[in-house]
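Let's take a friendly walk through a protein model together.

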Amino acid sequence: MTALHWATISPFLLAILIPFMYKYVRRIHTGWFVLILPLVLFIYFLSFLPVTANGDVVLRSVPWVPSLGISFDLYIDGLSLLFALLISGIGTLVVLYSIYYLSKHKEKLNNFYVYLLLFMGAMLGVVLSDNLIVLYVFWEITSISSALLISYWFHREKSTYGAQKSMYITVFGGLSMLGGFSLLYVMTGTFSVREIIANVDLVATSSLFLPAMILILLGAFTKSAQFPFHIWLPDAMEAPTPVSAYLHSATMVKAGIYLVARMTPIFGGAAEWFWIISLVGLTTLIWGSISAVRQKDLKSILAFSTVSQLGMIMSLLGVGSVAYYFNDGDNALYTTAILAAVFHLINHATFKGSLFMTAGIIDHETGTRDIRKLGGLMTLMPITATVSLIGLAAMAGLPPFNGFLSKELFFTAMVNVTEYGIFSVETWGIVLPVLAWIASIFTFLYCAILFFKTFTGKFQPEKLAVKHVHEAPIGMLISPIILGSLVVIFGLFPNILAYTLIEPAMAAILPGILEPGEQFYVNIYHWHGFKLELWMTIGVIAIGTIFFLTMKKWSKSAFYRSEQDIFNHVYDSGYNGLIKGSQVLTRAQMTGMLRDYFLYMCTFIVLLIGYTMFRYDAFAINTDNLSPIDPYMWIVAILLVISVVAVPFINNRITAIIVAGVAGFLVALMFTIFRAPDLALTQLLVETVSVILFMLVFYHLPELRKEKIKPSFKLINLIVSIAVGVMITLVSLSAFALGSETDFTSIAAYFIENSKVLAGGYNIVNVILVDFRGLDTMLEILVLGIAAIGVVSMIKLRLKGSEDV
Amino acid sequence: MKQMRPNDMMLQVSMRLITLIIFAFSFYLFLAGHNNPGGGFIGGLMTASAILVLYLAFDMKTIKKAIPFNFTTMIGVGLLFAVFTGVASMLFGFPFLKHFFDYFQFPIFGEVELTTALPFDLGVYLVVVGAALTIILAIAEDDK
C-alpha cells in the first residue's frame with residue numbers, strides 16, 4: 001500500500017470513525033471532523049500538478065486478485081488529477097457548507113457524513129483506478145451511496161422514490177458497463193486501461209468493438225444523466241442541497257464524462273462513437289435546456305440545467321474524438337472540442353456548485369424554492385444575489401466570466417465539425433451547430449428566469465412560511481463565495497488553468513496523437529475578433545432577451561405549464577407495467593392447483609424428450625431380438641391393461657381401490673411368469689399391506705366428489721396422458737432396439753458366477769441386496785424408517801385447524 | 001341393556017394356530033433368503049402380516065399386552081444392526097459392509113453356513129416389521 005492508496009481509501013477509513021465521533025463528541029458539529037480530510041487530500045493532489053504538467057504519469061500498484069488479473073492499480077495523469085482535484089476541492093467546500101446547512105440537533109449527521117465519505121472515496125477510486133474491475137467496484141459504490149444520500153430524509157415518499165429511480169437507472173448502466181468491460185477483456189486479455197490503450201488495434205479490428213462500445217456508453221450515459229436516462233437527476237433533487245451541489249452537479253454526474261474521456265483513446269476515431277456521443281450529447285443539451293425553462297422549482301431548474309450542460313460536455317467529447325481519425329494533434333480544428341470539454345468541465349463544476357449552494361441558502365432562509373413565491377430578494381440577500389448573478393451569467397455564457405470562454409470554444413468546435421469532411425458530416429454536420437445555438441438560447445432564458453424571478457420584482461412575504469427573511473450566516477456563504485470568485489478568476493485569467501490542468505488533461509484524453517516530448521499548447525483568450533462565434537453569442541443574447549421579455553405571452557401555453565418530463569411517464573408506466581405484467585404472468589402459471597403443475601411437468605417431459613429424440617434421430621423399433629410371447633402372458637397382460645384402464649372410470653372409491661389392487665396382484669403374477677420369485681413374493685405382500693392401508697385411510701376420506709371439470713380440460717388431460725404413455729413406450733422400444741446394437745456385456749454374468757464363490761449364497765437376488773449392493777439396502781430401510789416416523793408424527797402431532805398443512 | 005358383542009370365537013381360535021404357522025413360515029423365509037427365495041424384507045412383511053391378522057381377530061388392548069414390543073423402537077434397533085454389520089468389517093481394516101461367511105459343525109444341525117449377511121438381514125427384517133406396523137397401527141389408532 002502506497003501513500004496514494006491510503007489517500008484513496010482514507011474516506012472509507014474515516015467513515016468508520018464518524019459514528020463514534022457523532023456519538024461521543026456531541027458538542028462539536030461532526031462536519032468539522034470531516035472537513036479536514038478533503039482539505040488534506042486536495043493539498044496532497046495539488047502536489048501532483050508539477051508531475052502531470054511535465055507530461056509524466058504516476059502509477060502505483062497493489063495486487064488484489066492476481067489470479068484474475070485484478071489489481072488495485074492507481075494511475076494519475078492529467079485527466080484523473082483534474083477529477084481528483086474537483087472531488088476533493090468541491091468536497092471541502094460542500095462539507096463546510098453542510099456544517100452550516102444541517103442542524104446538529106435535528107439531523108442524523110452520522111448517517112450523512114458516512115454516506116458522503118463513502119461517496120467521496122468511491123469517486124476518487126473511480127477516477128484514479130487503472131483497472132477496469134476496480135473502477136467498476138467504485139462505480140457501483142457511488143451509485144449506492146448516491147441513493148443513500150438521496151433518500152437521506154427517508155420518511156419522505158419523494159426521497160425514496162427518487163433514490164429508487166436513480167438506483168435502478170444507474171445500476172442498469174453500471175451492469176451494462178461491466179458487460180462492456182468484460183468484452184474489452186475478451187478482446188485484449190487485460191483489465192488495465194493503459195494496456196488496453198497500448199493494444200488498441202486489437203480492439204479496433206475486433207467484431208466485439210461495437211457491442212463493447214455501446215455497453216460502456218450505456219454506463220456512461222446513465223450515470224451522466226444523458227438523454228433519455230436524464231430523468232433520475234431531477235428526482236434526485238430531494239436530497240439535501242449540499243448533496244445536490246456535490247453529487248448531482250460537480251462530481252458523480254461527471255463520472256460518465258470521465259468514462260467517455262477515458263475510453264476515447266480506445267474507441268475514438270470510429271464514426272459510431274462520433275455520431276452516438278455527439279448526437280446524444282446535443283439532444284441532452286437541447287432537451288435539458290428546454291425542460292429547465294418549464295420548471296418552477298429552483299433546484300429542478302438547476303437539475304435540468306445540469307443535464308443540459310453535461311450534454312454539452314458530452315457532445316464536445318464526441319466531436320473531439322475525431323482527432324483520432326486524423327491522428328493530428330497540431331491542428332486545432334480537431335482538438336478544440338476536447339479543450340472546450342475539459343475547460344467547461346471545470347467551469348461547470350465551479351458555477352453549478354455555487355448556484356446549488358445559493359439555491360440552498362434561499363430555501364433555508366425563505367422556506368420555499370418555488371419561483372412563483374419568490375421575488376425581490378436582492379436587497380434582503382445582497383451577497384447571495386451577487387454570487388447567483390455571477391454563476392448565472394457564467395452559465396448563460398456572458399463575458400467576462402469563464403462560461404463565456406467555454407461557450408465560445410463550444411461554438412467554435414461545433415462550427416468546425418462542418419469542415420471535417422468525414423463521417424458524412426457534409427450532409428448532416430450543419431445540424432450540430434444549429435442545435436447547439438438553439439440550446440444556448442434556452443440556456444440564456446432559464447438563467448434569466450432564475451435570476452429575475454428570484455431576486456427582482458415584488459417581495460411577497462405573505463406567501464412565505466418564514467416571516468423574517470434575511471441574509472444567510474457567513475459560514476454558509478463562504479463556499480459559494482469561493483466558487484463564485486473562482487468563476488471570476490478563471491474568467492479573467494483562464495490561462496492559469498491552461499498549463500496546469502487543461503493541457504495535461506488533453507494529453508490524457510488524446511494520448512498517442514502527440515509526438516513524444518510534444519505538448520498541447522493551449523491559449524485561451526477573450527477577444528478573437530468578429531468571428532462567427534461572437535455573432536452567435538450576440539444572437540443568443542438578443543433572442544434570449546426577446547423571449548424573456550415576451551414571457552407573459554407564451555407562459556400561458558400548455559408547453560410552459562407542464563412541468564413533468566414526458567420520459568417520466570414512460571419510466572413510470574414501464575415500471576408499473578413490469579410489475580403488472582409479472583403479476584399477470586405469475587398468476588397465469590401459478591394457479592395453485594396441483595393438477596395444473598402436473599400438467600406442465602408432463603407436457604414439458606414429453607416435449608423435451610420428444611424434441612431430443614427427434615433431434616438426434618433416436619426413434620428406432622427393432623423386433624428381431626424379442627422373445628416369443630406365450631398365450632398365458634397375453635392373458636395376464638390383457639387383464640392388467642383392462643384393470644388399469646378401468647380405474648379412472650370408476651366413481652366409487654372402494655371399487656377403485658380394489659381394482660388397483662387387482663392390477664397389483666396381476667403384476668405379482670407377471671413376476672412369477674418371468675421367474676422372479678423374490679419379487680413376486682414381495683409384490684404380493686406389499687400389495688396386500690398397501691390395500692389394507694388404503695382401506696384404513698378410506699375410512700377418513702370424503703366421498704368421491706363429482707368434479708365439475710370442463711370438457712376441454714378433460715380433453716387436454718387425455719391428450720397429455722396418451723402422449724406421455726406413447727412417449728415412454730417409444731423411448732423404451734428405441735432403447736431396446738438401439739441397446740441391442742451396442743456391444744455392452746451385462747454384468748449379470750459376474751453375479752451368477754460369483755454369488756456362491758464370493759458370498760456363499762445361491763439366491764443371487766438376495767446376495768446382491770445384502771452383499772454386493774448392501775449399501776443401497778441399508779439406505780432403503782432408512783427410507784422406510786423415516787416414512788414410518790413421518791406417518792407417526794403427522795398423525796400423533798396433529799395441530800389444530802389448518803396449521804397442520 | 002348391555003350391547004351384545006359379536007362373537008368371534010371361530011376366528012380367534014383358528015388364529016391362534018394360523019399365526020403360529022405364519023410366524024414359523026416368515027422365520028423360515030427370513031433364514032432361507034441366502035440360498036432360496038426369501039430374505040429379510042419378505043420375512044419381515046410376512047411377520048407384520050401375521051401380527052396384523054392378530055389385530056384383526058382380537059382387539060387392540062389384548063394384542064398390545066400379548067406382544068409388548070414398541071415397534072417404533074424396533075426400527076431403530078434394526079437400523080443399528082445393519083449399520084454395525086457394516087462398521088464391524090471396518091474395525092478389521094476392511095471396507096464398509098464387507099461380508100464374510102464360513103461353514104461350521106453344530107451338534108444337531110450338522111454343517112451350517114454362517115455369514116455376516118445374516119445380522120444385516122436381521123436389521124432389514126426388524127426395520128420392515130417395525131415400519132409396517134408403526135404405520136398401520138398409527139393410522140388405525142387414529143380415532144379422528
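A cavity here is a set of points, on a 1 Å grid over the protein atoms alone, where a 1.4 Å probe fits but cannot get out, and its lining residues have an atom within 4 Å of a point. Grid points are joined across faces, edges and corners, and a volume is the space filled by probe spheres set on the points. This is a predicted model, in which local features need pLDDT of at least 70 and side-chain atom pairs count only at pLDDT 80 or more, while totals for chains, interfaces and linings use all residues. Residues are numbered from 1 along each chain as its sequence is written, chains are lettered from A and ligands numbered from 1 in the order in which they are written, and side-chain values use heavy atoms, with hydrogens and water left out.

How many cavities of 30 Å³ or more does the structure hold? There are 3. The largest cavity holds about 80 Å³ of space. Its lining includes L298(A), T358(A), S388(A) and F455(A). Two or more lining residues come from each of α15 (298-320), α17 (332-366), α18 (382-396) and α21 (431-455) of chain A; helices (H or I, at least four residues) and strands (E, at least two) are DSSP runs, numbered from the N terminus. With 4 residues, α17(A) gives the largest share. The lining has 8 nonpolar, 3 polar and no charged residues, where Ala, Val, Leu, Ile, Met, Phe, Trp, Tyr, Cys and Pro count as nonpolar, Asp, Glu, Lys and Arg as charged, and the others, Gly among them, as polar.

Now for the second largest cavity, with about 50 Å³ of space. Among the residues around this cavity are L79(A), I257(A), L317(A) and V342(A). At least two lining residues each come from α4 (78-101), α13 (255-267), α15 and α17 of chain A, and α17(A) supplies the largest share, 3 residues. The lining of this second cavity counts 10 nonpolar, no polar and no charged residues.

Finally, turn to the strands. β1 (residues 58-65) and β2 (residues 70-76) of chain A run antiparallel and are joined by 7 bridges; two strands pair if DSSP finds at least two bridges between them. Which residue stands opposite V58(A)? Look across to I76(A) in β2(A). The hairpin of β1(A) and β2(A) has 4 residues between the strands, and G69(A) takes a positive phi near 75° there.

Methods:
1 Å grid on protein atoms, 1.4 Å probe; cavity = no way out; pocket = protein on both sides within 12 Å on 5 of 7 lines; lining within 4 Å.
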